[in-house]
Amino acid sequence: MSETPVEEMSFEQAMAELEQVVNQLERGDVALENSITLYERGAALKARCEAKLKEAEEKVAAITLDANGEPNGLKPVEGL
């Protein structure tokens, strides 16, 4: 597991570590206490990935389209 705080990770970093956590848990060769720690880390990583995806979706949604459905500019999205 990375020592990087989850809230500082990029989507790609969080996803890669989440995959490692899932693989470790699926193998089943981790002690119970470590499994709990891994599960908690995995839940935080999942939440980070979801937040970063939502942020990206909001940016994409901010692209405005003309009458033909072609992108013609951006509208500001509050908070981004």
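I started at the end of helix α1, where Gly-28, just after the helix, takes a positive phi of about 75°. A reminder to myself: this is a predicted model.

Next I looked back along α1 itself. Helix α1 runs over residues 11-27, 17 residues in total. I compared its span with expectation: from first C-alpha to last it reaches 24 Å, close to the 24 Å expected at 1.5 Å a residue.

Then I asked which residues of α1 are buried. They turned out to be Ala-14, Glu-17, Leu-18 and Val-21. These four cover an arc of only 110° around the axis, so they sit on the same side of α1. On the face turned away from the buried side I found the exposed residues Glu-12, Glu-26 and Arg-27.

What covers the buried residues of α1? The cover includes α2, residues 32-61.

That took me to Arg-41, which lies in helix α2. Leaving out residues up to four places away in sequence, I listed its contacts: Arg-41 touches Met-1, Ser-2, Thr-4, Val-6, Met-9 and Glu-17.

Last, I turned to the surface. Val-60, Ile-63 and Leu-65 make a nonpolar patch of about 270 Å². Leu-65 belongs to strand β1, residues 63-65, and Leu-65 counts as exposed because its relative accessibility is 53%.

Key. Residues numbered from 1 in each chain as written. Predicted model: local features only at pLDDT ≥ 70, side-chain atom pairs only at ≥ 80, totals over all residues. Heavy atoms only, no water. Patch = residues over 30% accessible without salt bridge, like charges linked within 9 Å, V, L, I, M, F, W, Y side chains within 5 Å. Areas by Shrake-Rupley, 256 points an atom, 1.4 Å probe, with all protein chains shown as cover. Salt bridge = Lys/Arg side-chain N within 4 Å of Asp/Glu carboxyl O. Helix = DSSP H or I, 4+ residues; strand = E, 2+ residues; numbered from the N terminus. Buried < 20%, exposed > 50% of the residue type's maximum accessible area, 1.4 Å probe, protein only. Expected span 1.5 Å × (residues − 1). Arc of directions from axis to C-beta. Contact = heavy atoms within 4.5 Å.
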